[in-house]
Amino acid sequence: MESIPSYSEVGRAARDIFWGEFNDVNFYVEDEDQENLYFEILGRLFPEVRISQIFPLGGKEAVIRHVNDPVNQAKANRSIYIVDKDFDDLHGKVLAIDNLFYLSQYSVENLLIEENAVVQIAVDSTPKKKRKELEERIEFNSFLQRSIPRIAPLFCLFFVAQYFDLGIKNCDCKPEEYSKDGAVWEIDDAKILAYERKVRELLLRNNYFKNDAEFEAHMFFLLSANFQNGTTNIGGKFILALLYHYLRSKVDIGNVSRDSLCYRLARNGSLEGFVHIKEQIERFLRNTHVLSAA
């Protein structure tokens, strides 16, 4: 089977030359597989702005290179760059560039996780069932309240693995690697403990910490300060993968795939999680006179 053709980084960066005239504002994002998702989100957030094409640049580093290119800085007044927060704030890597905007949580997926949108997917698949019945079967809030506190320590460990450059897989791990066999929507605490032992061993071996007690004190502080504030520093893709398996165990969601779940959430949700970045972008566009100040 022939592979789907994709653009090189140079090709991706040059697409706005051909399509930019059809946009009031050029929106640049990270990954190619997010193009349709962002087209849906941004079209709903900015209905007064003509957007014919979104420009994915192939990752955060490519976005940073593009925004810093002097050629692109000359047209910055109508260019908006949006990137995931990831752990950039914790690493001290957030860049202060006027037209570069960071999402308020780890990734775009985090901001799409809403109960009404999730229930609507079940309603669309089983329209003869009562919405209230589906809400009660899904128990959305119960799922999050049970899952997030158990995922948080893992992402705290992922951050530590990144920060100390331990050379082991972290945020790119598949969620199923840390879920229970036969119940892949449930976190397996034993698997997280195994990962913790690996991180601890590497840190102690490289003399980042003197002993177990020092490691545990550091982890307790880090977890309390940065990973117990909801989903802000937990990967949205990870949460959505567990949610997908959970939904399939609770209700009939028909032919909804993991890939389409995120898009359907964007289409059905309120997008309340994007209010902050929407206001930031509108302020920038008004200051550059792309949008009316009224």
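This is a predicted model: local features need pLDDT of at least 70, side-chain atom pairs count only at pLDDT 80 or more; totals for chains, interfaces and linings use all residues.
Me: How many of the residues count as buried, as a percentage?
Reply: Buried means under 20% relative accessible area. Of the 294 residues, 48% count as buried. The protein exposes about 15200 Å², and carbon and sulfur atoms supply 50% of that area.

Me: Why is H276 called partly exposed?
Reply: H276 has a relative accessible area of 45%, so it is partly exposed. H276 sits in helix α13, residues 275-287. In sequence, H276 and L103 are 173 residues apart; in space, their C-alpha atoms are 8.5 Å apart.

Me: What makes a set of residues a nonpolar core?
Reply: The members are buried Ala, Val, Leu, Ile, Met, Phe, Trp, Tyr and Cys residues, joined through side-chain atoms within 4.5 Å. The largest such core here has 83 residues, and F27, I82 and F274 touch the most other members. Helix α8 (residues 140-163) gives the largest share, 14 residues. A second, separate core has 12 residues, including L57, I97, L100 and Y102. In soluble globular proteins, nonpolar side chains tend to be buried together.

Me: Which residues is I82 in contact with, beyond its neighbours within four places in sequence?
Reply: Contact needs heavy atoms within 4.5 Å. Leaving those neighbours aside, I82 meets F27, Y28, V29, E30, Y38, L42, F101, L103, I277 and I281.

Me: How do you know what share of contacts joins residues at least 24 apart in sequence?
Reply: Take contacts between residues at least 6 apart in sequence; 70% of them join residues at least 24 apart.

Me: Which residues of helix α12 are buried, and what do they pack against?
Reply: In α12 (residues 258-268), the buried residues are S260, L261, C262, L265 and A266. They pack against α2 (35-45), α6 (115-125) and α11 (236-250). In total, the protein has 13 helices and 6 strands.

Me: How far apart are the mean positions of the positive and negative charges?
Reply: Lys and Arg count as positive, Asp and Glu as negative. There are 36 positive and 45 negative charges, and their mean positions are 4 Å apart.

Conventions
Residues are numbered from 1 along each chain as its sequence is written. Side-chain values use heavy atoms; hydrogens and water are left out. Buried means under 20% relative accessible area, exposed over 50%, partly exposed in between (1.4 Å probe, protein chains only). Helices (H or I, at least four residues) and strands (E, at least two) are DSSP runs, numbered from the N terminus. Accessible areas come from the Shrake-Rupley method with a 1.4 Å probe; for residues, only the protein chains shown count as cover. The place of a charge is taken as NZ of Lys, CZ of Arg, CG of Asp or CD of Glu.
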